[in-house]
Amino acid sequence: MVYGPIHNSILVNRGLRTFAGAPFTYQMPDNTPALCDWITAGGGHKEKDLLEIVYDYDVRDTLLTHTDERLLARVRGVEFHFVQKDEIAARCDELADVYNTAWHDNWGSSVITADEIAIAANNVTNIMGMIACKGGHIIGFTMMQFITDASGKTGRAFLSGVLPEYRQRGLAIVLTSKLSAIAIEQGIKKFSISWMLEDNKMIVRTMQKLTRHGESQVRHYRIFSIAQKN
């Protein structure tokens, strides 16, 4: 059995998925060393850490707002579309297929259904996304939501995927920069970027590069396995 912190992530199936309430991981405690020691003493074995970057926008991080022309040259023929609630719900079947194909071979991934994406589109406050299409079909996407509180607007990148045949071309970075540029124009100044597996060094380094100038914090959410007793 695999256990982890209770939140609304769909990366690892922990028996709880919700698109209601306050979904931001920065509003929850991460896994402190004391808590990890307590779970380990109770028979838990570390599987992996999920990482989250909580980041305050800095204008020097131009990669977040200006797409690298060299990357655009590597994704010729790809069209990018900004989508919101209605468009996300309308394309939920295709988005689910892309997500499940993209994450199929990743550790801990669990299948998402078109219905769950439709529910997210209809219930997640201020949901928006960027999709990449080629030949009329979605080949990659990223989604974000934001809330407004006393500290301002905070955006959370929470769902994304790129088809395997279109990886290693910078498509994920282009999607991120295009959506981030729109988010920043709308007044979002703080970001929660999650979930990243600790051993996915390439994506972790990329996100750290995109957010290197602003004040940021890397938070850890540990996934434990606990053997079932007979």
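This report walks through the strands, helices, cores and a few single residues of one protein.

## The model at a glance

This is a predicted model, in which local features need pLDDT of at least 70, side-chain atom pairs count only at pLDDT 80 or more, and totals for chains, interfaces and linings use all residues. Residues are numbered from 1 along each chain as its sequence is written, and side-chain values use heavy atoms, with hydrogens and water left out.

The protein has 7 helices and 8 strands. Both kinds of element are DSSP runs, numbered from the N terminus: helices are H or I with at least four residues, strands are E with at least two. Of the 230 residues in the protein, 47% are buried. Buried means under 20% relative accessible area, exposed means over 50%, and partly exposed lies in between (1.4 Å probe, protein chains only). Now take the contacts in the protein with a separation of 6 or more: residues 24 or more positions apart account for 78% of them. A contact means heavy atoms within 4.5 Å.

Strands count as paired if DSSP finds at least two bridges between them. Strand β3 (residues 79–84) runs antiparallel to β4, and 6 bridges join them. Phe80 stands opposite Ala132 in β4. Strand β4 (residues 128–134) has 6 of its 7 residues buried, so it is largely enclosed by the rest of the structure.

On to the next pair. β4 and β5 are antiparallel too, with 7 bridges. Lys134 stands opposite His137 in β5. The two strands form a hairpin with 2 residues between them, and there Gly135 takes a positive phi near 60°.

Strand β5 (residues 137–149) is joined to β6 by 10 bridges, and the two run antiparallel. They form a hairpin with 2 residues between them. Phe146 stands opposite Gly155 in β6. Strand β6 (residues 152–162) is mostly covered, with 8 of its 11 residues buried.

β6 also pairs with β7, this time in the parallel sense, over 5 bridges. One such link has Ala157 with Ile193 in β7 as its bridge partner. From β6 the chain crosses through helix α6 (residues 171–185) to β7, in a right-handed β-α-β crossover. Right-handed has a set meaning: with the strands pointing away from the viewer, the path from the first strand over the helix to the second runs clockwise.

## The nonpolar cores

In soluble globular proteins, nonpolar side chains tend to be buried together. A nonpolar core is a set of buried Ala, Val, Leu, Ile, Met, Phe, Trp, Tyr and Cys residues joined through side-chain atoms within 4.5 Å. The largest one here holds 51 residues, and Leu171 and Phe191 touch the most other members. Setting aside residues up to four places away in sequence, Leu171 touches Val75, Val78, Phe80, Ala132, Ile139, Val162 and Tyr166. Another core, of 5 residues, lies apart from it; Leu50, Trp195, Leu197 and Tyr221 are among them.

Which residues of α7 are buried? They are Val204, Thr206, Met207 and Leu210. These four cover an arc of only 165° around the axis, which puts them on the same side of α7. The arc is that of the directions from the helix axis to the C-beta atoms. What covers them includes β2 (44–56), α6 and β7.

Asn200 sits in the loop between β7 (188–197) and α7 (201–210). Its relative accessible area is 27%, so Asn200 is partly exposed. Asn200 and Leu51 are 149 residues apart in sequence, and 9.9 Å apart in space, C-alpha to C-alpha.

## Gln84 and the cysteines

Gln84 lies in strand β3. Is Gln84 buried or partly exposed? It counts as partly exposed, because its relative accessibility is 39%. Leaving aside neighbours within four places in sequence, Gln84 is in contact with Ile127 and Met128. Gln84 and Met130 are 46 residues apart along the chain, and their C-alpha atoms are separated by 8.7 Å.

Cys92 is buried, at a relative accessible area of 10%. Cys133 is buried as well, at 5%. A disulfide is counted as a pair of cysteine sulfur atoms within 2.5 Å. By this rule the count is 0 disulfides.
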